[in-house]
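Please consult the sequence and the model while reading.

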Amino acid sequence: MSFTRPVAFTTRPTLRGTFGMAASTHWLATATAQAVLERGGNAFDAAVASAFVLHVVEPHLNGPGGDLTAVFSTAVEPGKPVVLMGQGPAPQGATVEHYRAEGLSLVPGTGALAAAVPGAVDAWLLLLRDHGSWELAEVLDFAIRYARDGHPVLARVGATIASVAGLFRDYWPSSAELWMPGGRIPEEGELIGNAAYARTLQRLVQAGAGLGETDGTAAHTREARIDAARREWREGFVARAMVESVQTPHRHSSGADHRGVLALTDLAGFSAGYEAPATLEFRGHTIAKTGPWGQGPALLQTLAILDGFDDAHLDPSTELGAHTILEAMKLALADREAYYGDGDVPLAELLSPEYAVSRRALISETASLEFRPGHLTGHEPYIPALRTEGATEAGTGEPTVSPSGETRGDTCHLDVVDRWGNMVSATPSGGWLQSSPAIAELGFCLGTRLQTTWLEPGTPSTLTPGKRPRTTLTPTLVLRDGAAVSALGSPGGDQQDQWQLLYLLRTIVGGYSPQQAIDAPAFHTTSMPGSFWPRTWEPGGAVVEDRLGGEVIAGLERRGHRITRAGDWALGRLSAVVRDPRTGVLQAAANPRGAQGYAAGR
C-alpha cells in the first residue's frame, strides 16, 4: 500500500455493531432513524422518517417542495442496486420561448419559474409503500412532533434567513411571516416550529385513514393508505395550494417579477419511480450511481480514468495524487456538461475502457486551464458559454446565499443499514426556505432545480417540458462480491461526487476506515461550469483545505492550479454506513465539519 498513512486521531470513532446504523447531516435526523430501527422498523422505514425530519430541522437545505435521488439494496436481493428517482420534470409551461419572452437568458436561481415538479415526497412515500413495514402515521410522527412542538434551531438556519431578510420583508411576505415571526430572526438554540407543515403532514395521514369512510370498512391495506396520501399530494389540497401560489407575480433572482408555470396537470402527471443504476467496476468493487440525468456517472468516469494509474497517483494526500485527481475530475465534469441530460446520452461509450484510455492520456504534469470534453461517435459535444464573473465560493455543503436568494451547495444526506442487510443512501434537496415565496397554508416553498437547465437550444440539458433537469444529487452505493457493502454521500452541489471520490479512493485503495476517510483533508475543482445560476467557472480553479499541507499546496500551485484555501475544516459533509456481508458487522461515520452531522448505531 503506497498511500499516506492516515493520522491515528479521528474526530469521532467509526461506529461498529451488528444491529443497525444511521448517519446523516443532522443529529436529530440520525436519532430519528435509529429510533425507528430500535422499534423494529427496517432501513427504509428509518430513512423515510429521517427524511421528513430533515424537512423540519434543515429547511435551508431541503424541503417538501424539492427533490431527491437514492440508491438502495434490499436484504432479499442484496446484489441488486436500485435507484429511487424523485426528480420531477419541467412543467409543460416551462418552455424556452416563454422564459425568453420574460426577458431571461438564464433560468433564475430563485422564484417559481425555477421550480420543477416537486418529486421528493412522492418518492419517499413510494419507497415506504414498497419496501418499508410501518404505517405512514408512525413514520411521520417524528416530523409532525418537531414541526408542531418545535426543535432547537441551527445557527445556520438563522444566518440563512438573515441573508435574505430584506428579500422576505420587501417581496416575499409569506416567507417573512413563516421564518421571521414578529419580524425577528430566530437565534441559535431557540425552539421554532412550523405548524403549517405539521398540519400538512397530518392531512396526508388522514387521507389514508379516511379510506374506509365511504364503505364502512375500518381500513384498507397499508399500501393503499400510503397511495391515498400520494394522491392527496399530487391531486388534492397540496397540489391546489402549490399551483395557486405561483399565479401571483413575485421577485426572482433576475431582479424582475414573474409568475410561475406549474399546473395541476403537471403535478397529477408525475410519479416517482425506480431505475437501474449506472455502474462501474473499480478495484473489485461495483460503484452504483444514478443515470446521466444526474451527475453521478461523472464519478464513474473519473474512477475509470484513475484506474489506469498506479496507487501513488491516487493518494489525495500527496501532490502527485491531488494533481492527478483534479485533472481527472476536470475531464469527467467537462463531459458532464457536454453530454449529460434527460435524453440520449452515450453512457456506454463514456464509461468504456477505451474512452478512459483516451481521456487519461490528456493528463500531464501541469494543470489544464481548458474546458476539454471528449469526442464521441455520432455526438457533437456541447460547449457552454464559459462565464468567469463571480467566483464559486468554498463551503461545507451549507448554502452560500446572496441577498437575491441565489443559493449554492445546499443539500442534505442520510444513510441507513439494518441488521437484515437493507441499505439505502439518499440525497434530498431543493425547496429551500430561500427558494421562492413560502406557501402559507402548506408551510414550505417550491424548489429551483430548473436552474440547472439551459435556455440555449441543442444542449443536452436544454429546458424542455416533461424532461428532468440534470440534478447534482448523487448518492452512492458500493457493492462487493454480489452484496451491498457501503452507502455514502454528501451535500455540496457540484462538489458532491468530488468529495465522495476522495472517500472511495481512501477506503478502497488506501485502506482508511470510514471516519479516517471523512476526516482527511478534502479538495475539489471549480474548473467547470457551475450547475447553478449564474453558471460560472474558474479555469484551473481548485479549492483545498489548509490541512492538505503547505508543501502539497505549493506543489499544486507550481503545477498551475489556481488555489483557494478554504480553511482547515471547511469542505464536505460526508456520511457513510458499511456492512460486511461475511460477518454482519456494521459501521457508520459522519462528518465533523460544521458540528452538525452525526452517526448512531449499535
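Q: How many salt bridges does the structure hold?
A: The model is a predicted one. A salt bridge requires a side-chain nitrogen of Lys or Arg within 4 Å of a carboxyl oxygen of Asp or Glu. By that criterion, the number of salt bridges in the structure is 33.

Q: Which parts does the salt bridge between Glu-319 and Arg-559 tie together, and how many residues apart in sequence are they?
A: The two side chains meet at 2.7 Å, N to O. Glu-319 belongs to helix α14 (residues 319-339), whereas Arg-559 sits in the loop between α19 (550-558) and β20 (562-565). The pair therefore ties together parts whose separation in sequence is 240 residues.

Q: Is Arg-559 buried or exposed?
A: Residues under 20% relative accessible area are classed as buried. Arg-559 has a relative accessibility of 14%, so Arg-559 counts as buried.

Q: Which residue forms a salt bridge with Arg-470?
A: The closest N and O atoms of the pair are 3.3 Å apart. Arg-470 lies in the loop between β15 (423-429) and β16 (476-480), and its partner lies in helix α14, so parts 133 residues apart in sequence are tied together. Both residues are buried, and the partner is Glu-337.

Q: What is the radius of gyration of the protein?
A: For 602 residues, a compact globule would have a value near 25 Å. The protein agrees with this, because its radius of gyration is 22 Å.

Conventions: Residues numbered from 1 in each chain as written. Predicted model: local features only at pLDDT ≥ 70, side-chain atom pairs only at ≥ 80, totals over all residues. Heavy atoms only, no water. Rg over C-alpha atoms; globule rule 2.2 N^0.38 Å. Helix = DSSP H or I, 4+ residues; strand = E, 2+ residues; numbered from the N terminus. Buried < 20%, exposed > 50% of the residue type's maximum accessible area, 1.4 Å probe, protein only.
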